[in-house]
Amino acid sequence: MEQWLKSDGGTASLNRRIYHLVLRIISSLSLLLAGPLLAEPKVFELFLKDHLFMPSTLYVPSGEKVKLVIHNQDPTPEEFESFSLNREKVILGHSKGVVFIGPLPPGEHAFIGEYNPDTARGSIIVLSQAQWQLQQPVPPQSSLRFADRPTLVESPQSADCKTRLGSHLC
Amino acid sequence: MLINSVVMFLRELLPLLLLLSVLLFWLSNHRLKFISGVAISSIVGVFLLTSQFSRISAMLDGQGLELLYAVLYLLTTCLLAVSLVFYRHRNCCVFFAAVSCSCLSLIHGANLVLYLWFYQRTPAESQSLILGAAMAMGIGLSVAVLLYYLSIELQRFWRWTLPLLLALLGARQVSMAVAILIQTDFLPAGPVVWDSQQLINEQSEYGYFLNALLGYEATPGVTQLGLFGLSVLVLLALGRRLEILHAREF
């Protein structure tokens, strides 16, 4: 390599440029491949029992990749399929499968169990970051200093969350 | 149950039948050799694959089967490209085309075996299943035969018909492999380029046909679309010599 770079005049300059270009491409490609390893995605679990998905509606945040672990608790295989998400995964009986989705914009995506599409149905609702933050559980009060404790009066944000997402989520 | 069976079988059979139809058109002088090669290697391959289904499926944190499918999809295209390179050596060409087709039949055959034999059904359900399978086979074969004769007719007027069909079918397998690699987080998806769900629904008849022919997705990502386009160009460049050969024949 050193000899190649030490060639005469213009050739050496050209060789050096090519060498740097190749190095740049390799480093860019390695960054692209390493990208998925850098950020640890949030994990969501979905269970399939008696050909029914539980929960049938799954809320995920927008703008980030999430890991969906599907546990098939039935003895028979099932194929998780979502046309709008372009996802398709065969999961054998009493086993689990992993599917990565996103980053997605806010919206709703239906999914089915392709072998039992009449019963195995559900949807993934992608919430905006603001909506996602609203539905996150408040940390236990004992972990907060007295001055930081939230007042018992329901905040307008919380009321708004309950109106839009339902009281069980806020 | 009947409709579900028809849809399930059609989704698995159509991509394979379309590839078979185009390859039979291309290798029309070596049909027997090609078909027997595909049949034997597919049956043996599906038997071996399904016997290890559970083990493969549990590998790599539950992603073993998908990665195997991705490799098989990529092999289908690579071997199709190799058969295009060796198009002058007929025996080599037929061999690689047959192995390419077998790789695809392994994926779809294994999925059908899973659906047919890993399930316990009532007698009524089994009847619907057999009827659904027969209907799907009938529809799939009709479409494949139609494509076969349409290709023959189109080839008379436009010599790029065969290279283009081969390129689209090859690129479709790459697109499928990329989709799997994206869902297993081996490749980044990139932003969605368009949403044509309202125009052609993926679950409609046209959607199924276009998916089987060119891997149609209503919401394709940049990576998937980019690699699809690149594969079409590479396979068209390889198929260019076929176009010249056919120009001499017709």
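Trainee: How many residue pairs are in polar contact between chain B and chain A?

Mentor: The count is ten residue pairs, with both residues at pLDDT 80 or more. A polar contact is a pair of N or O atoms within 3.5 Å; within protein, one atom must be able to donate a hydrogen and the other to accept it, and residues adjacent in sequence count only if both atoms are side-chain atoms. Please note that this is a predicted model, in which local features need pLDDT of at least 70 and side-chain atom pairs count only at pLDDT 80 or more, while totals for chains, interfaces and linings use all residues. Residues are numbered from 1 along each chain as its sequence is written, chains are lettered from A and ligands numbered from 1 in the order in which they are written, and side-chain values use heavy atoms, with hydrogens and water left out.

Trainee: What makes residues of the two chains count as being in contact, and how many do so?

Mentor: Contact means heavy atoms within 4.5 Å. By that criterion, 27 residues of chain B are in contact with 27 residues of chain A.

Trainee: What is the buried area of chain B and chain A?

Mentor: The two chains bury about 2,600 Å² between them, and 49% of this lies on carbon and sulfur atoms. The figure is called buried because it is the accessible area (1.4 Å probe) that two parts lose on being put together, summed over both.

Trainee: Why is the pairing of Lys89(A) with Glu66(B) called a salt bridge?

Mentor: The rule asks for a side-chain nitrogen of Lys or Arg within 4 Å of a carboxyl oxygen of Asp or Glu. The closest N and O atoms of Lys89(A) and Glu66(B) are 2.7 Å apart, so the pair qualifies. Lys65(A) and Asp185(B) also form a salt bridge, with their closest N and O atoms 2.5 Å apart. This pair crosses between chains: Lys65(A) lies in the loop between β3 (57-61) and β4 of chain A, and Asp185(B) in the loop between α7 and α8 (205-214) of chain B. The rule finds nine salt bridges over all chains, and seven across the interface of chain B and chain A.

Trainee: Which helices of chain B supply at least two residues each to the side that touches chain A?

Mentor: They are α1 (2-26), α3 (53-62), α5 (90-117) and α7 (161-183) of chain B. Helices (H or I, at least four residues) and strands (E, at least two) are DSSP runs, numbered from the N terminus. α3(B) gives the most to this side, with five residues.

Trainee: What makes two strands of chain A a pair, for example β1 and β4?

Mentor: Two strands pair if DSSP finds at least two bridges between them. Seven bridges join β1 (residues 42-49) to β4 (residues 66-72) of chain A, so these strands pair, and they run parallel. Among the bridge partners, Leu46(A) has Ile70(A), and Val43(A) has Lys67(A).

Trainee: Why are β2 and β7 of chain A said to stand at the edges?

Mentor: The sheet is open, with four strands in the order β2-β1-β4-β7 and mixed pairing. β2 (52-54) and β7 (95-101) each have a single partner strand, so one side of each is left without a neighbour in the sheet.

Trainee: How are β1(A) and β2(A) joined?

Mentor: Three bridges join them, and they run antiparallel. Lys49(A) stands opposite Leu52(A) in β2(A). The two strands form a hairpin with two residues between them, and Asp50(A) in the turn has a positive phi of about 50°. His51(A), in the loop between these strands, has a phi near 60°, a positive value in a residue other than glycine.

Trainee: Which peptide bond is cis?

Mentor: The bond from Met54(A) to Pro55(A) is cis, with omega near -5°. Pro55(A) lies in the loop between β2 and β3 of chain A.

Trainee: Which strands form the open sheet of five in chain A?

Mentor: The order is β3-β9-β8-β5-β6, with mixed pairing. Within chain A, β8 (residues 107-113) and β9 (residues 121-127) pair in the antiparallel sense over six bridges. Ala110(A) stands opposite Ser123(A) in β9(A).
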